[in-house]
Amino acid sequence: MKRFRRHGQESHRDRIKQELYGFNKTVEHGFPHQPSALVFSPSLQLLAIGTRSGAIKLYGAPGVEFMGLHDENAAVTQVHFLPQQVDLVTLLDDNSLHMWTLRAHHGVSELLETGRFTLTGPPGAPPSVTRVTAVLTHSSGDMLFLGTEGGHVFVVEVPGFRELEERNISLENVTNSLPEDYGGRRILEHVESLQENPVNPRQVLIGYGRGIMVIWDLERHSAVKHIPATQQLESVWWTEDGGHVLSSHSDGSYCRWMVAGEGTQSEPEKSEVPYGHFPCKAISKIIQLPTEQGPPFLFLSGGMPRASYGDRHCISVIHSKTHVALDFTSRIIDFFVIRDGPDHIGDPSALVVLVEEELVVIDLQTEGWPVIQTPYLVPLHCSAITCSHHVSAIPLKMWERVLSAGALQNTHYSKKPWPITGGQNLSPDAPQRDLLLTGHEDGTVRFWDASGVCLYPMYKLSTAGVFLTDAEPNEPNMNQCTEGEWPPFRKVGCFDPYSDDPRLGIQKIHLCKYSGYLTVAGTAGQILVLELNDEAAEQTVEATVADLLQGQESFRWKGHTRLEVREEPVTFPPGFQPFSLVQCQPPAVVTALTLHSEWKLVTFGTSHGFGLYDYQQKSNVLVRCTLNPSDQLAMEGPLSRVKSIKKSLRQSFRRIRRSRVSLRKHHVNSAAKVQEANARLEAELAEMELAPVQRKIEARSSDDSFTGLVRTLYFADTFLSDSSHHTPSLWAGTNGGSVFAYQLRLPPVERRSEDPVYANPAKEIQLMHRAPVVGIVVLDGHGSPLPEPLEVAHDLARSADMQGCHQLLVISEEQFKVFTLPKVSAKMKLKLTAIDGSRVRRVGVAWFGSSRSEDYGESGLTVLTNQGDLHVVSLPGVKLQVQYPCIRREDVSGIASCVFTKHGQGFYLISPSEFERFSLSTCCVVEPRSLVEVPSQTPGTTLPRAQPDGPSVAHRNSTRDTDDVAVLQEIQKSLEGYQPTFLENNVKSALAGGKVLTNGD
Amino acid sequence: MNKHHRVPSNRTLSSVEVKSKFGAEFRRFSLDRSKPGRFDEFYGLLQHVHRIPNVDLLVGYADVHGDLLPINNNDNYHKAISVASPLLRLFLQRKEEADYSAFGTDSLTRPKKTVLAAVLLRPDANRKKPPVIISLPRDFRPVSSIIDVDILPETHRRVRLYKHGQEKPLGFYIRDGSSVRVTPQGLEKVPGIFISRMVPGGLAESTGLLAVNDEVLEVNGIEVQGKSLDQVTDMMIANSHNLIVTVKPANQRNNIIRSSGGGGGAASGSSGRSSDSGASFYGYFTPGAAIVTTPAHIIQNFHPEELESDEDEEDLVIEADGEALPIPRAASASCSMPSLPRYEPHLNLRSTANGALASSTGSLSTVSTPDRGLEGRSLEEDGTLITL
C-alpha cells in the first residue's frame, strides 16, 4: 500500500519535472568561427555563410536566422542560392554537393538538407577530372554548371542532382573550338570561373586558370568567342548590360574586354594595374555595378603592392573620383554588394564584406561611406572574452540610460537601416530586458542586449583610462585617412585582438540593476566601482590598497606589478564612470567579486585572501588573508615556474625521444612524406602506449596548492550568531574547502557616511572533503534563496522569510551540503563526485516556471560539471532533478565560459567568437522563429501572413511563468509606464505555433 | 552546552592554546608551536600546572577527528602539537585509574559521538583495568580490509582503505588500459582502469592488497566502466577518506578460497572465512610507537555497516570563540545518495542506548553503538551531566 502510494508520488513528481525542465540549445550568438564562404540572395534578401566546420548559417532581417550542419566534417568552400527559390547548394571540401531548402512547417521555416551529390567521372579518370572548382547556378533555376580542376564543365539538373551528360562541356569540346595557336589542353588548366550572360541566359562564360575565357552557347553547344587573357585568372565579372567582361588576374591587374560581336578579340579594351609599377598581389575578385546616373562602382579585392602592403587585407572601392582601399584587420573571405530597388537592380546601396573575424557592412549612399552597425554576427571577440555576467529583467529606466550612453558612442555609424531584410521574424517580443556583460582582455566591458535572438551591442565601457598604460587614452579615429597616402587606406572593422597590457583584462563583473552601480575586477588585482551617470564628468579615481598578505612573511610575489593609476582627473563620457578603485597587494588576479548596493559594500577575493570595501566611505572594512604558508605556488605568483619548468622539461624530453624514433624509421625506409608522417604518428601512439597517462590518487590536504584561493563571496542578511536577530553577513569560500563568515555591523542610514562599518569573524567551516567551495547560498524560512539587494525595496521580489529557520547551502566542487543556521550543523547533502566522478564547474540559482500551470514554479540550482553535463538540483531539498549532456568534456574553455541566467537559460562559448544559448526551462526559451517564403515574381506585394492553426491557438498563451513572477513583472512594467501588449504577443506566439514552447514572460 | 562567551582568541600561528583537564579541574596555558620541547618536559609541565607532582599520569588529547589519542612519547607529543588547531585539549588520568578503553582511536565506529562524551561518561573509579599492557590494541587503527568476500566472485577483491586520520599517503596511481571481457560475441577488448604505480611506503602498498596492473572495477560501489580516467580519479579522491575499491587482481593466485573455511594461503596472511564478511587489517597509526606491525593478523571482524556510517564525515566548525567542534549532525536524515547496498549481518547484538546521555546532551544524538565485539568497547554511562 505504502509502496504503491510512493510510486504514485514519484510519477507525479516526474510529471512536474517534465513541466519545469527541458533542455534545448536554442541559438548561436556572435560571429561564426572560421567562416569559409559567403553568398547573398537578392530575391530572398538572405545571406548565407559556410564555415570550415561544415556549418551553414542563413541571416535575413534581425531575428531571422537559420542554421544547418553538414554530416561530413568538411569545410564549406562555396554556397550558392538557386535563383528565385528558397534552395541553396553548398560545395564542401570533400567535393560533395549538398542541396538545402527552407521548408515552412507549422508557419515557421526550417533549414533542411534535401539531397547530396558527388560528381562521378568516367571510369579510370583521375580525381581531378571531377574535382569541382567553380559552380554556376543558372538563372533558369534548374541547372547547375560545375567547372572542375580537369577543365571540364558538368551540367547537373537540380534540385534532383541528375547529370545531364549530353550537355557537358568537355575540355575537348573547348580546345577543338579554339584557334590553332591556342591549341593544347595544357594551357587551359582548371575552370576558375563560370559566369552567365546577364542578358542572354544561353551564353555562359568559362574562365580557365591559365587566363583564357570562352563564351559558350548552350543551345548551339559551341564556343561563341574567346578572350585570350594571358595572366593567371582570378575572377571574372560580366557587366550588367552584357557588353563587357572584366577579368582580374594574379599579377594585380584587371582587364576589360568587349564581348559584343563575333570573333576573337586579341587585346583588352582596357588593362590596368590599380596599385601599379611595383609587383602587386592578385586581385581575387572584381565587381562592377552601374549607377543610374554617373559612373559605375568598381570593387576590387586585393591587388596591393606586394612588397610594402602585401600583408594588408583590402577591398578597393572606386566610384568616379573617389577611391578608397578599405583596410580590414583579418583575411577577406568574400564580399557582395546590395543594390537598391524592388528588383535589386538599382544603385549599389551597401557593400557587405565577410572577413575572417567579422562582417562589415558599408553604406555606399551616405557621404564618407560609413559603416552600418550589424545587428547580428557581431564579433564578440574583438578583444578576447575573459569573463561574462548576465543580468535578467533590467528595469526600463536603467535600460534606456545604458542605451543612450551607447548611442553617444556609436555616432560614427551610418544612420541607414540594416540593408538585409529577408524573412519574417515571428518570435514573440522579448519578455524582459536582459543584459549580457562580457569582460575583455583589453580592459573593456561590453553590454549586450541579450533579450532576444540577436545579441545586439548596447554600450562599451573601457577601464583603461583610469590607468597609465602605453595605449593612447583616446581611440584613434577609425574614419581618418591620411592625406595623399597611396593606396588610400581606410581602417574598417573593430576586430583588434592585440591587448596593450594584459593586466587590464577584466576577470569579474557584478552589476546592480536597480542602483546602476557596477563593479569590475581585473587581472592585476584592480577592483573598480562605477556608477551610471548621464553626464560626462571629470574626476580623479581614488585608489585604495588592500594588503591581503596581512604581514605574512616568507612571501615572494613574482608576478606582474600593480597598475599605475592616473593622478590627474580623467574625463569620463556619459555611462558608467569609475569613482573608486581598490588595488590588491599582491596584485594577483581577482577570483571572486560581489557588490551589495543596499549596504554600499564591495567584496573581492584573490588567491591570497579577501577584502571588504565600503564604497560610500571609500575605505577598507576588512582584509583577511587565507594563504596557507606552505602553499608555494600561491606564494610565487601566477607564473608558477616550478610547474612550468617541470612541464617544459617533460615536453622537451618527449620531443627528443619522438624525433629519435622517427629518425630511426626514416633510415629504414626512405618513403614518401605521407608515410613518414604516418610513421611519426605511429611512434607517438606507441609512446603513449609505453608511458600512459597516470593519475595520482591522493586525498586532498591543507598543503595543496592554492587552497587559500577565494572562489566565492556572498552577502546575506541572515541569522549568523543567534536565532532571534538577523544581521548582515559576508561569506567567503576558498579552494581548500573553507568557509569564512563575518558578521557585519552597518551604521544607521543617516550616519552611513560617517560611522564605520564593522566586520567581525563569526564562523569558520572546514569541509572535511576539502573540495573547492564554488557557491554559497542562504535559504530563507521557506527554503527559497534570499532575494538580491534592493529587489525587495523595489517591490520586485517577495521579502525573505525571517520567521522560519534559515539554512546555509555550501556548494563545493564535489557536493551540495545544507547546514542549519545559526548553529551550523549538517542537515543534508548531495554528493556528486563520489557518485559519478564529475565536478561542479559552474553553478547558479534559477527560477523555473511550469509550462502547464502559470501559478507554479520552483527555485533550483543550475549546475554545469566538468564533464559538460547540465544538472538541475532542487532547493531546498538538494535532490538531483534532471541531467542533460551539453558540452563536450574536452571543451574546457567552453565549460569555463558558461554563465547562467536567473530563469534557467545559459550561455557558453562554442568558439572564441560565438556564444551558444541554451535553456533548461520549458517556459523560458529564446530561439529564432522565422518564416521565409518563395519570392513572388511580382515585386511589391506584401508577404501573406501565415494563418494560425485553429486548435493549437488555445495552448499557446499558457506559456507564462508562475503568477508570482508574472505579477511582479506586471508591477515592474506598470511602474515603468510600459504597456504590455499581451494581445499582440499572443497573436504572435500563436502564429509561431511550433512544437517548442516560446517564452511568455 | 557550548555556551562559551569569550573573546575570540587570536589564533596566531606561533602558539598553541592548551586546555588541560584533570578530574574536574581545567588548566589553560600555551605552548610555542615551533619549539614544543620534549615529552618529559611537557609531562613535568602538566604535573606542575595541575599541582600533582607525584601522580603518574596518562595523557590523552582530542585530535581533529574527535578521537582521543594518547601522548606518551616525543613523537606523538609533537604530532599532537602540530595538529592542534587552534586548541589542544588534553585529558589527564591517573595511571592506576586509567581506562585504556577510552582511547578509542577508531572514531569510525562512533561517528555520532564526540570524544568528550566518551571520556567524561566513563566511570572514574569502579573500573579495574589491567595495569600493564604491552601493546594497546586500541592504539591501532584499521588501515585496510577485504570486504564482501561472500558476495563477490572469487576473482574480484573489494578492498577498503582507511585514510582517516592517517599520515600516510594513499599512495597509488591509476591509468587507462584495456582488458579482455567475455561477451556474447566472444572475447572483446574493452577499455579499463588499472593501477599503474604504488608509492613506496604508501598506504596502498603497505596493505599488500592492491598491486600494479590490478584492474579497478568499482569505486565505493560505483562501477567505473564507461568513465574516464579523470572521472575515476575524482571519484577516488572524493572518497579518499574511506576508499573502497573493487579490483580484479592481476595476480589471481592469492585469491581467497572461500570453501576452505579455515585459514590458509591467502594474500598477505588474510585468512579465508566462511561466514565473515570481511577481514580487517590493523596497522599502527601513531608514528611514535615502538613496533611497526605488518598488517598480517586479523584482530577482529569488520562490520560492513561502517561503510554507510562513515559516509558522512564531520566538517569542522569554528565558532567565533575559537573552539573547534566537529559538526554534529542534525536530526533530519542525510540525503546522500546510497552508494552501496546496505549489508548488516552482525549489527547490534548488544545496543548500549543511553538514556541519560540522550536527555542531558541536547545536540548529541543518541546512538546505538554497534558492538564491535571487543571487551570494554561499549560505552557506559554514570549519569554525569556534561556541558561543553
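Among contacts in chain B between residues at least 6 apart in sequence, what share join residues at least 24 apart? The share is 64%, where a contact means heavy atoms within 4.5 Å. This is a predicted model, in which local features need pLDDT of at least 70, side-chain atom pairs count only at pLDDT 80 or more, and totals for chains, interfaces and linings use all residues. Residues are numbered from 1 along each chain as its sequence is written, chains are lettered from A and ligands numbered from 1 in the order in which they are written, and side-chain values use heavy atoms, leaving out hydrogens and water.

**Chain B overall**
- Chain B has seven helices and 16 strands, taken as DSSP runs (helices H or I, at least four residues; strands E, at least two) and numbered from the N terminus.
- Of the 388 residues in chain B, 53% are buried (under 20% relative accessible area; exposed is over 50%, partly exposed in between; 1.4 Å probe, protein chains only).

**A spot in strand β8**
- B:Val180 sits in strand β8 of chain B, which covers residues 172-183.
- With a relative accessible area of 48%, B:Val180 is partly exposed.

**Cysteines**
- Looking for disulfides (cysteine sulfur atoms within 2.5 Å) across all chains turns up zero.
- A:Cys314 is in no disulfide, and its nearest cysteine sulfur, in A:Cys280, is 12 Å away.
- A:Cys314 is buried, at 1% relative accessible area.
- For A:Cys494, the closest cysteine sulfur belongs to A:Cys382, but at 4.5 Å it is too far for a bond.
- A:Cys494 is partly exposed, at 35% relative accessibility.
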